[in-house]
Every structure is written in structure tokens, then in C-alpha cells.
Amino acid sequence: MRSSRLVPVLGWCAATLTSVALASVAMLPVLRTATPDGSALVSVDQLRDAGAAEPTPQPSASVAAADPEPEPSAPATPSRSRDTKPGGTPSRSSATPTPARTTAPAESTTTTEDGWTVTTDGDGTKSYVRSFRVDGGSAVIRMTEDKVEVVTATPSDGYSVATVQNSPDNLAVYFNEVNHSFIIHAVWNVDKPFVEVSEIGK
């Protein structure tokens, strides 16, 4: 009875071993194809011995040191402007103001007309000057437009001098002695001077 029970077990073991052998034979070509050189296969013991013989790799000392952080640069100092003084006060401009140009007055000219010395100013104004002499004395009369005036009046010995002017353009100079007079009468007449000399008494 006991031997009949062992027969199925032995049959199962034999079948199992047979399947394992067949599987190993079937996988052999695949293993050879994956490994080009059969001699390159390394056993577990060889790997263990190689691991014990080789030293553990250490970190390389040639690792470049980290770049040092750049030092903060000093802030740039603002340059002073040429037109400012220390303290920010604007400098005064060195340019001097150009003086206004003044027109020089035109030169006067002098001519002679009918015994009168005529002076023409730069603005065109004319003045007439003339000296008159009589027995009672001498007088210098100056005339401009609508104006007559005495420059000098000098009486002779024994005579006195007097002037009479009724208007700016009418003047008379008297050289007097007892019952005798010389008169120089000057007026501005039609844009030019006019003078009349007369004598009264004896």
C-alpha cells in the first residue's frame, strides 16, 4: 500500500525536473545571443572579490571652488558742474552785458551867408551869428528860427546900451548919448534873419 502512494509523487517530481531541463535548454540560445563572448561572463564570486579589492571612489579634489561673491562697489560720486559752486549755489555768469551802442552826433558844419556865420547842427538846425558896429558901440546878435538874442553889447565912450525885446523874434539894441542914439533892430523874417541899423538925433 505504501509503495502505491509513492508512485504518483515520484511521477510528479520526474515531470517537474523534465520541464525544468527543457526550459533551460530552450533559454540557452537566448542567453548566448545576449552575451557576445561567453568568456566575458563573470561569476558572483569574482564580482565579490573585485569589489573588495577596488577602493571606494573618493570625491575629486579638483572640483572648482565656488566663485567668490563680488564686493559691492562704492557709489559713484556725482561730479560738480562747472556752473555751480560748492554747496549747490549757482555761479554768476562771467559774461558782462554789452553796453547799448550810442549813435555819435553828427558833426556840425559852418558856412557864411550874407555876412552871417551859419552853423548847421547834426539835426539840421541853423543858427546865424553876426557882429554889428556903429559909432555908439558894437553888438553881436545870434538868431535861430523865431528867436533873436544878444550875445554881447559893448557901448563906446560916452554912450550907454539898452535892449528892447517885444517878442522872441524881435529885438532892438540902443546905444544912447544925450539927444543921440544908434539903433540895431533885428527880427526873424520869412525863414531868415533881418537887421536894420538906424540913427536918431545928433
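In what order do the elements of the chain run from the N terminus on? The order is α-α-β-β-β-β-β-β-β-β-β. That gives two helices and nine strands. Helices (H or I, at least four residues) and strands (E, at least two) are DSSP runs, numbered from the N terminus. The model is predicted: local features need pLDDT of at least 70, side-chain atom pairs count only at pLDDT 80 or more, and totals for chains, interfaces and linings use all residues. Residues are numbered from 1 along each chain as its sequence is written, and side-chain values use heavy atoms, without hydrogens and water. Buried residues account for 15% of the 202 residues in the chain. Here buried means under 20% relative accessible area, exposed means over 50%, and partly exposed lies in between (1.4 Å probe, protein chains only).

Four strands form an open sheet in the order β6-β7-β8-β9. Their pairing is antiparallel; two strands pair if DSSP finds at least two bridges between them. The edge strands, β6 (160-167) and β9 (192-201), each pair on one side only. From one strand to the next, the twist averages 15 degrees. Axes for such angles are lines fitted to C-alpha atoms, for helices over the stretch in contact, and angles run from 0 to 180 degrees between N-to-C directions. Within the sheet, eight bridges join β7 (residues 170-177) to β8 (residues 180-189). Val173 has Ile184 in β8 as its bridge partner.

Two loop residues of this region have a positive phi. Asn179 sits in the loop between β7 and β8, with phi near 55 degrees. Val190 occupies the loop between β8 and β9, and its phi is near 50 degrees. Neither residue is glycine. Most residues other than glycine have a negative phi. Asn179 counts as exposed, at 66% relative accessibility. Val190 also counts as exposed, at 66%. In strand β9, Glu196 is partly exposed, with a relative accessible area of 44%. Glu196 and Ile183 are 13 residues apart in sequence, and their C-alpha atoms are 8.1 Å apart in space.

Aromatic contacts were then counted. Rings of Phe, Tyr and Trp (its six-membered ring) pair if their centres lie within 6.5 Å; planes under 30 degrees apart count as stacked, over 60 as edge-to-face and the rest as tilted. By this rule there are four aromatic pairs. One of them, Tyr159 with Phe182, is tilted, at 6.0 Å centre to centre and 55 degrees between the planes. Tyr159 lies in the loop between β5 (147-155) and β6, and Phe182 in strand β8, so the pair ties together parts 23 residues apart in sequence. Both Tyr159 and Phe182 are buried. Trp116, Tyr128, Phe132 and Trp188 form one aromatic cluster.

The largest pocket has a volume of about 190 Å³. A pocket is an open set of points on a 1 Å grid over the protein atoms alone, where a 1.4 Å probe fits, with protein on both sides within 12 Å along at least five of seven lines; lining residues have an atom within 4 Å of a point. The lining comprises Glu113, Asp114, Trp116, Tyr128, Arg130, Phe132, Lys192, Pro193, Phe194 and Val195. The largest share, four residues, comes from β9. By class, six lining residues are nonpolar, none polar and four charged.

Note on methods: Grid points are joined across faces, edges and corners, and a volume is the space filled by probe spheres set on the points. Ala, Val, Leu, Ile, Met, Phe, Trp, Tyr, Cys and Pro count as nonpolar, Asp, Glu, Lys and Arg as charged, and the others, Gly among them, as polar.
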